[in-house]
Amino acid sequence: MANIVVLGAGIGGMSVAYELRAVLGKGHGITVVGDGPLFSFTPSNPWVAVGWRKPKDIQIGVAPHLAKHDITFNGAGAERVVPDQDHLLLRDDTRLDYDYLVVTTGPRLAFDEVPGLGPAGHTHSICTTEHANEAWAAYQAFLANPGPIVVGAAAGASCFGPAYEFAMILDADLRKRKLRDRVPITYVTSEPYVGHMGLGGVGDSKGLLEAEFRQRHIKWITNARITSVEAGTMHVDEVDARGQPLATHALPFAYSMVLPAFTGVDAVRSAKEMCNPRGFVQIDAHQRNPTYRNVFSAGVCVAIPPVEATPVPTGAPKTGFMIESMVTAIAGNIAADLAGKPAEAKATWNAICLADMGDTGAAFVALPQIPPRNVTWARVGKWVHLAKVAFEKYFLAKMRSGNTEPVYEKYVLKLLGIERLK
């Protein structure tokens, strides 16, 4: 019997645990190590930050749902991964041995790379549900005395979608409250143009998102490096297409949310032979670490090079369906290894993104996510907002049931030409 440990209980970790159990049956042990007792549907965090959701609406207890599938849960969190000895050291001083390790931790939020950035500084975050709830508390105080808002993404950020969503959700919420005319909004980003999203654009995402920003009177600064933040002021250096200084900005704000760059989490990045210099897990085409062949990884914590060089550094995002395709490949490859067969499953890394804009939304499809692509398109419409609301309910139901690819999802996506595996 193999002992499989999944490090991380987010979208990737919960999904891979369920898929491993479905593929392997009851004959092998599966343990999920999380950081606390709850699963959060992080795509809904922008709604939490404006009070459209409460944390309890997008969270479920991990242990009882995993237990239904004979999967053990430990919420102590990992202190250190020791891959050359096949074990984890947990924060409660427990040693957890494994035959296979699947790393799905998500990122460490590198607020420290910009002085004054983050919840411990002068800006808010929607990267975690706890952060989003803190942002909601600050937003309520802001509503009593509104002023300028700055939303954006720091140099090295790789997850731009939530920043676009939050800027436009704020716009929609303030219009509903009849306060929009008192609140200038500026979007500040390391992207070379609006709609780049760390992907070199998807369809006409540039024209689409610029049009939305113009319609909503949201100003933007691209090729921007946030150098520091102090109370009420953000300092930004703007460069041209060659990376040469173009302008400096001191942006006043009464409320700000900025997405940071990511690194690997401390427990994983300490295993340097397993990671790149930023602490992300190195993987091959089968999601397997080249140095430690019994270690697999999926999600934001994997090492993927930038899609292209940009004047200010940007990273490549790891979107939800892309993560699910990694998860399916991992389950298949561990099953093959246990059967004495070579790993053959490869994730497609196809991307489907539903970006909410408060009262409408934008849908992006990139097959595959990393260019050149077979299919790429972007659309805007009220249906996207409704689809994202439905997807939230649907995904939480999947995490409760443990059925990570229901039959209707499988066949609907096939009709659209969207596959998880190559």
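Me: Which aspartate does the side chain of arginine 175 meet in a salt bridge?
Reply: Aspartate 359, with 3.2 Å from N to O. A salt bridge here is a side-chain nitrogen of Lys or Arg within 4 Å of a carboxyl oxygen of Asp or Glu. Before we go on: this is a predicted model, where local features need pLDDT of at least 70, side-chain atom pairs count only at pLDDT 80 or more, and totals for chains, interfaces and linings use all residues. Residues are numbered from 1 along each chain as its sequence is written, and side-chain values use heavy atoms, with hydrogens and water left out.

Me: Where do arginine 175 and aspartate 359 lie?
Reply: Arginine 175 is in helix H5 and aspartate 359 is in the loop between S20 and S21, so the pair ties together parts that are 184 residues apart in sequence. Helices (H or I, at least four residues) and strands (E, at least two) are DSSP runs, numbered from the N terminus.

Me: Is arginine 175 buried, partly exposed or exposed?
Reply: Partly exposed, because its relative accessibility is 36%. Aspartate 359 is partly exposed as well, at 28%. Buried means under 20% relative accessible area, exposed over 50%, and partly exposed in between (1.4 Å probe, protein chains only).

Me: How does strand S20 run relative to S21, parallel or antiparallel?
Reply: Antiparallel, with six bridges joining S20 (residues 351-356) to S21; two strands pair if DSSP finds at least two bridges between them. Alanine 355 has alanine 362 as its bridge partner. The two strands form a hairpin with four residues between them, and glycine 358 in the turn has a positive phi of about 90°.

Me: What about S21 and S22?
Reply: They also pair in the antiparallel sense, over six bridges. Valine 365 stands opposite tryptophan 377 in S22, and arginine 373 is found in the loop between S21 and S22.

Me: Which backbone oxygen lies 2.9 Å from a polar atom of its side chain?
Reply: The one of glycine 201. The side chain of arginine 373 also reaches the backbone oxygen of proline 368 at 3.3 Å. A polar contact is a pair of N or O atoms within 3.5 Å; within protein, one must be able to donate a hydrogen and the other to accept it, and residues adjacent in sequence count only if both atoms are side-chain atoms.

Me: Changing topic: what is the strand order in the open sheet of five strands?
Reply: S5-S2-S1-S9-S19, with parallel pairing. S5 (72-74) and S19 (295-297) stand at the edges with a single partner strand each, so one side of each is left without a neighbour in the sheet.

Me: Last one: how far apart are the closest N and O atoms of glutamate 324 and lysine 398?
Reply: 3.0 Å, in a salt bridge. The pair links distant parts of the chain, with glutamate 324 in helix H8 and lysine 398 in helix H9 (residues 382-401), 74 residues apart. Glutamate 324 counts as buried at 6% relative accessibility, and lysine 398 is buried at 3%.
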